[in-house]
Amino acid sequence: TIETIKAAERLMEAIDLANEETTKLTEHEASCNETGKQIPPPPKHPLLVALGNLTPSRYVLDVVKKVKSSELEESLLVLPFAYVMELLRMLDDWLKSELEIELSCRCIFFLLRIHHGQIVASKSLLLTMDSLRQQTRKRVHETKDMIGFNIAGLKFLQRKMEEANVTFFDEAIETQKKKKKKKRNLSLKAKW
């Protein structure tokens with residue numbers, strides 16, 4: 001759809017902007033090392049400054065988050081492989097920074113499914129893929145543990161509330177429906 005193509009274009013523009021900013025910073029560090037002096041850093045892109053002094057990688061993450069969930073996979077499908085390689089590197093950074101783990105994993109798994117042959121054949125992605133494998137396992141395991149802990153806490157609270165005879169919203173609705181049904185049945189019997 002048109003929205004999918006627009007989302008893919010926004011994503012490619014964001015990746016390009018991130019690459020330009022990263023290149024500027026790398027060149028700045030190299031010139032500082034050559035001269036041995038601290039040179040003032042180059043100015044950030046006005047868009048990054050306007051959005052709250054975002055890092056280039058964080059800007060791409062925000063663009064990915066703004067893509068509708070239903071259009072995300074189609075937008076990723078349209079991306080050329082060069083952009084996929086850059087996005088995989090950024091996804092690795094996001095996982096290392098513990099940013100949007102669910103979204104990152106969804107993107108990684110989809111990109112791996114679609115571009116498996118090219119990714120496996122690419123030697124430049126070998127280290128990135130190994131890091132992604134480790135980070136994905138680690139972050140998914142941590143998220144699973146956190147969810148399990150939260151569920152255990154909720155079950156504990158539910159038991160405590162049941163002991164105190166506090167009814168939950170669902171239970172209150174069910175008892176109210178039963179009462180209405182009894183009244184209806186009684187009124188029908190009274191009419192006969």
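## Nonpolar surface patch

V78 is classed as partly exposed because its relative accessibility is 43%, a value taken, like those that follow, from a predicted model. The residue belongs to helix α4. Together with L77 and I114, V78 makes a nonpolar surface patch of about 240 Å².

## Nonpolar core

The largest nonpolar core comprises 39 residues. Within this core, the residues with the most contacts are L11, V60, L76, L87, L88 and L91. At least two core residues are supplied by each of the helices α1 (2-35), α3 (56-66), α4 (69-78), α5 (81-96), α6 (101-114) and α8 (126-163). Helix α5 provides the largest share of the core, namely ten residues.

## Salt bridges within helices

The count of salt bridges in the model is eight. One of them joins K24 to E21, with the closest N and O atoms 3.1 Å apart. Both residues lie in helix α1, where a spacing of three residues places them about one turn of the helix apart. K24 is partly exposed, at a relative accessible area of 30%, whereas E21 is buried, at 6% relative accessibility.

A salt bridge also links the side chains of D62 and R58, with an N to O distance of 3.8 Å. Because D62 and R58 are four residues apart in helix α3, about one helical turn separates them. D62 has a relative accessible area of 18% and is therefore buried; R58, with a relative accessible area of 31%, is partly exposed.

R139 and E98 form a salt bridge in which the closest N and O atoms are 3.1 Å apart. R139 is located in helix α8 and E98 in the loop between α5 and α6, so this pair ties together parts that are 41 residues apart in sequence.

The two partners are classed as follows. R139 counts as buried because its relative accessibility is 4%, while E98 is partly exposed, with a relative accessible area of 48%. The pair belongs to a network of salt bridges that links E98, R139 and E142.

## Positive surface patch

K178, K179, K180, K181, K182, K183 and R184 form a positive surface patch. Among them, K179 lies in helix α9, which covers residues 169-191. K179 is classed as exposed because its relative accessible area is 58%, and the cut-off for this class is over 50%.

Notes:
Residues numbered from 1 in each chain as written. Predicted model: local features only at pLDDT ≥ 70, side-chain atom pairs only at ≥ 80, totals over all residues. Heavy atoms only, no water. Patch = residues over 30% accessible without salt bridge, like charges linked within 9 Å, V, L, I, M, F, W, Y side chains within 5 Å. Areas by Shrake-Rupley, 256 points an atom, 1.4 Å probe, with all protein chains shown as cover. Salt bridge = Lys/Arg side-chain N within 4 Å of Asp/Glu carboxyl O. Lys, Arg positive; Asp, Glu negative; His and termini not counted. Charge placed at Lys NZ, Arg CZ, Asp CG, Glu CD. Buried < 20%, exposed > 50% of the residue type's maximum accessible area, 1.4 Å probe, protein only. Core = buried A, V, L, I, M, F, W, Y, C linked by side-chain atoms within 4.5 Å.
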